[in-house]
Amino acid sequence: MTATLKNYWLTLKHDNMNKLVVALFLSLCTLAGFAQVTSAVDSTQIKIGSAFNLTVKANANEGSKVVFPNQQNIGPFEVLEQSKIDTVLNGSQMELIKKYTLTQFDEGDYVVPRLSVYIDGKNHQTNLFNIKVNNVTVDTLKQPMYDIKAQIGGETDTDKLWKYLFGILFSIIAGVAAYFIVKRIQDKNLTEEDLYKTPLEKVTKKLQLLDGKRLVLNGDVKSYYSEMTDVIRDYIEEVFEIPAKESTTSEVIQMLFQTIKTKKIQLSKESVNDLKRVLQTADLVKFAKSEPTMNEIEQDRRTSEVISVSIDKAIPRFSEEQSERVKLRERRFKKRQQMRLWIPIGVTTLLLLVTGIVYIVQAVRSGYEWSIFASNKSLYEREWVTSDYGFPAVILSTPEALTRVQMPQSDKEKQQSQTSVFAYSNLKTQLIIAVGTTATQTNDSINLDQMLKYKLDLTAKQYGAKDVTYNAEEFTQNGVRGIRGTGTLVAQNFVSGDAIKMQYDMYVFIQQNGIQEVSVLYKEGDEYGAKIDQRIIESIQLNVANTNE
């Protein structure tokens, strides 16, 4: 059992929410164990909702086929659990044992009917058993006894969660759609000036379009040079802000040298001379009917493109040397990019904001309390939930309904006892409320003081708690043995990781049919944490078995 406890604690050591909670109840498992009998029931009187065991044994030759009943109800009793068949070999004989855990939730006298066990196809029946189900006597730690209220506000509404997830997904899709819509509208309404991102892109693509006309191959060299020089002159006019289209070649070259000198543009003299040569050749073709060779035409075409690239490198984009015409086009380009970016972001943000507002409104209407505003004062002053937990049942009032904590157990441990743990943990307010129950047969030999000390030792060793103080007081209430343990311990803050001093208050009750425990932990010095603790303890109600039964 010690190895099992260690493995259990290692499994849960990363779950900070349940660290201190589960440690409070693990020791209950060490006390659990049901006596096994053969062909009999272990009790003929139970409380409403209590459990008893029916054990069926079959003796047969080794190799025989034995079939036990497998059903959800046995007569008026509900089957809570069926054990696996236990086989004991004795020579050529074998003994097979199967145990059924039964319960009944109505008071009265009942009979466990005969069950059929088939051995090699032959029907063998069990005996009848008379079972009396007694009513439950409810006791409280402090009068008056409170009525059980309906549970409120203890569950998260997940029915509408998919709608909010759809809203988020729709917001993202709408943003993407807005991007393509804006881009399509912009591309459709672009002017010729805005069709190209840069002057270099414009001159390069226009020269390529000129090549596609095949004017030279068709013998129209004059038109070819005329259009080529128009493209170059427009490029120079746009980049250098000089009237290149309306000026002669000599005037263009003169203005170009003056602009380069004035704006300190790093354009080589060789590049300007190459440009001059191309323009002069074009003048000769247009006005003097000169006929250059195919090699000269190709060279002038390459020179035009090289000069364009050299000018673009000499005047980087977004520089002060650029012309106002280029700057204006770049500003329009940046504005289009910004619209493509910010309009989709705005659409997505707006839709997400609407989704968030709807969620907040629904949460406020449903009474949800945001954890960022949570405090033990608000928990204390809100309407509490009263409910019963586990078996034997513990009834108490809490600010929020407790939720079940899953406890990994082996098949053997499940057969030995039925242990349940329920807890509420608030990271913001440093409040832990927990209830643990174990259905088992107990006796007066259990040492309550050792049980409490064992739990505190587990807490200290497993989670680094230190400076543990301990005060205990045993009591008997209407025949129920109990012990209260109070004190402080220094543990790790669940949120910040810092050391925090906690006050703990534990109640353990020992009955004939099980063990019940209630624990509250809160930050030391927290006024409303102490008030919550007191109110919870005062609301405890137990299902108590009469000692004369």
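**Entry 1: Glu400 and Arg382**

I looked up Glu400 and found it in a salt bridge with Arg382, the closest N and O atoms being 2.7 Å apart. I count a salt bridge when a side-chain nitrogen of Lys or Arg is within 4 Å of a carboxyl oxygen of Asp or Glu. The pair links distant parts of the chain, 18 residues apart. Glu400 sits in the loop between strand E15 (394-398) and strand E16 (403-405), and Arg382 in the loop between helix H10 (376-381) and strand E14 (385-389). Helices (H or I, at least four residues) and strands (E, at least two) are DSSP runs, numbered from the N terminus.

I noted the cover of both partners. Glu400 counts as buried at 16% relative accessibility, while Arg382 is partly exposed at 21%. Buried means under 20% relative accessible area, exposed over 50%, and partly exposed in between (1.4 Å probe, protein chains only).

The model is predicted: local features need pLDDT of at least 70 and side-chain atom pairs count only at pLDDT 80 or more, while totals for chains, interfaces and linings use all residues. Residues are numbered from 1 along each chain as its sequence is written, and side-chain values use heavy atoms, with hydrogens and water left out.

**Entry 2: other salt bridges**

How many salt bridges does a search of the whole structure find? I recorded 13. Side chains of opposite charge can pair when their charged atoms come close.

Lys245 forms a salt bridge with Asp234, with 2.9 Å between the closest N and O atoms. This pair also links distant parts of the chain: Lys245 is in the loop between helix H5 (221-240) and H6, Asp234 is in helix H5, and they are 11 residues apart. Is Asp234 buried or exposed? I have Asp234 as buried, at 11% relative accessibility, and Lys245 as partly exposed, at 49%.

I then checked Lys205 and Glu201, whose side chains meet in a salt bridge at 3.0 Å, N to O. Both lie in helix H4 (residues 199-212), four residues apart, about one turn of the helix. An α-helix has 3.6 residues a turn, so residues three or four places apart point the same way. Lys205 is partly exposed at 38% relative accessibility, and Glu201 is partly exposed at 22%.

**Entry 3: helix H6**

I went on to helix H6 (residues 249-263), which has 15 residues. From its first C-alpha to its last, H6 reaches 21 Å, close to the 21 Å expected at 1.5 Å a residue; the expected span is 1.5 Å times one less than the number of residues. The buried residues of H6 are Thr249, Val252, Ile253, Leu256, Thr259 and Ile260. Seen down the axis of H6, they fall within an arc of 125°, so they line one face of the helix. The arc is taken from the directions from the helix axis to the C-beta atoms. On the other side of H6, I listed Ser250, Gln254, Lys261 and Thr262 as exposed.

**Entry 4: strand E8 and its partners**

Strand E8 (residues 93-103) is mostly covered, with nine of its 11 residues buried. Which strands pair with E8? I count two strands as paired if DSSP finds at least two bridges between them.

- Strand E3 (residues 51-61) pairs with E8 in the antiparallel sense over 11 bridges, and Lys57 has Ile97 as its bridge partner in E8.
- Strand E6 (residues 77-82) pairs with E8 over four bridges, also antiparallel, and Gln82 stands opposite Tyr100 in E8.
- Strand E7 (residues 86-90) runs antiparallel to E8 and is joined to E8 by five bridges; Asp86 has Ile97 as its bridge partner.

E7 and E8 form a hairpin with two residues between them, and Gly91 in the turn has a positive phi of about 70°.

**Entry 5: Ile74**

Ile74 lies in strand E5 (residues 73-74) and is buried, at 0% relative accessibility.

**Entry 6: nonpolar patch**

I looked up a nonpolar surface patch of about 710 Å², made by Leu161, Leu165, Ile168, Ile172, Val176, Tyr179, Phe180 and Leu352. Patches are made of residues with over 30% relative accessible area and no salt bridge; like charges are joined within 9 Å, nonpolar side chains (Val, Leu, Ile, Met, Phe, Trp, Tyr) within 5 Å. Accessible areas come from the Shrake-Rupley method with a 1.4 Å probe; for residues, only the protein chains shown count as cover. Helix H3 (residues 161-188) gives the most to the patch, with seven residues. Phe180 lies in H3 and is exposed, with a relative accessible area of 51%.
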